[in-house]
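Here is a short note for a colleague opening this structure for the first time. Please keep the 3D view at hand while reading.

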Amino acid sequence: MSNAKALPLLEPQAPGAVAPCCPPLTERPLTAQEAETAARMFKALGDPVRLRLFSAVASHEGGEACVCDISDVGVSQPTVSHHLKKLKEAGLLTSERRGTWVYYRVEPSVLASMGKLLAMVPAAA
């Protein structure tokens with residue numbers, strides 16, 4: 001009798017879920033679509049308020065944050081909503097409405113993908 005346990009199958013990504021964008025820059029030249037996706041992400045993070053909001057969500061306990069917990073970034077609530085919308089459009093955040101509040105989450109694949117994109121891959125020996 002074996003003590004091996006079957007691993008659960010990964011569920012396919014839900015519609016609207018964020019997929020990794022690109023290979024490392026040092027691996028090969030990006031395709032036009034990969035460059036477009038990466039540029040959209042970096043452009044969204046190029047705004048200091050958006051970068052602060054992204055950081056607030058990414059570093060929040062449990063990996064998600066209610067908009068009520070992250071809106072103190074020195075701009076009005078409508079401006080916060082605008083910036084969160086831009087981060088969602090760039091594929092950096094996902095959201096879920098719970099009652100009257102919206103909870104934002106950074107998909108782990110996004111952070112991994114962005115880190116991978118900028119990682120220096122050692123040259124093959």
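1. A nonpolar core is a set of buried Ala, Val, Leu, Ile, Met, Phe, Trp, Tyr and Cys residues joined through side-chain atoms within 4.5 Å. Buried means under 20% relative accessible area, with a 1.4 Å probe and protein chains only.

2. The model is predicted: local features need pLDDT of at least 70, side-chain atom pairs count only at pLDDT 80 or more, and totals for chains, interfaces and linings use all residues. Residues are numbered from 1 along each chain as its sequence is written, and side-chain values use heavy atoms, leaving out hydrogens and water.

3. The largest nonpolar core holds 22 residues. L53, L84, L87, L92 and L93 have the most contacts inside it. Elements giving two or more residues to this core include α1 (32–45), α4 (77–89) and α5 (108–118). Helices here are DSSP runs of H or I with at least four residues; strands are E runs of at least two. α2 gives the most, with four residues.

4. What does L92 touch, beyond residues up to four places away in sequence? Its list includes M41, F54, L87, R105 and M114. Contact means heavy atoms within 4.5 Å.

5. H83 is found in helix α4. H83 is buried, because its relative accessible area is 8%.

6. An open sheet of three strands runs β1-β3-β2, with antiparallel pairing. Its edge strands are β1 (64–66) and β2 (94–98). Pairing requires at least two DSSP bridges. β2 and β3 (residues 101–105) pair over five bridges. T94 has R105 in β3 as its bridge partner.

Key: Buried means under 20% relative accessible area, exposed over 50%, partly exposed in between (1.4 Å probe, protein chains only).
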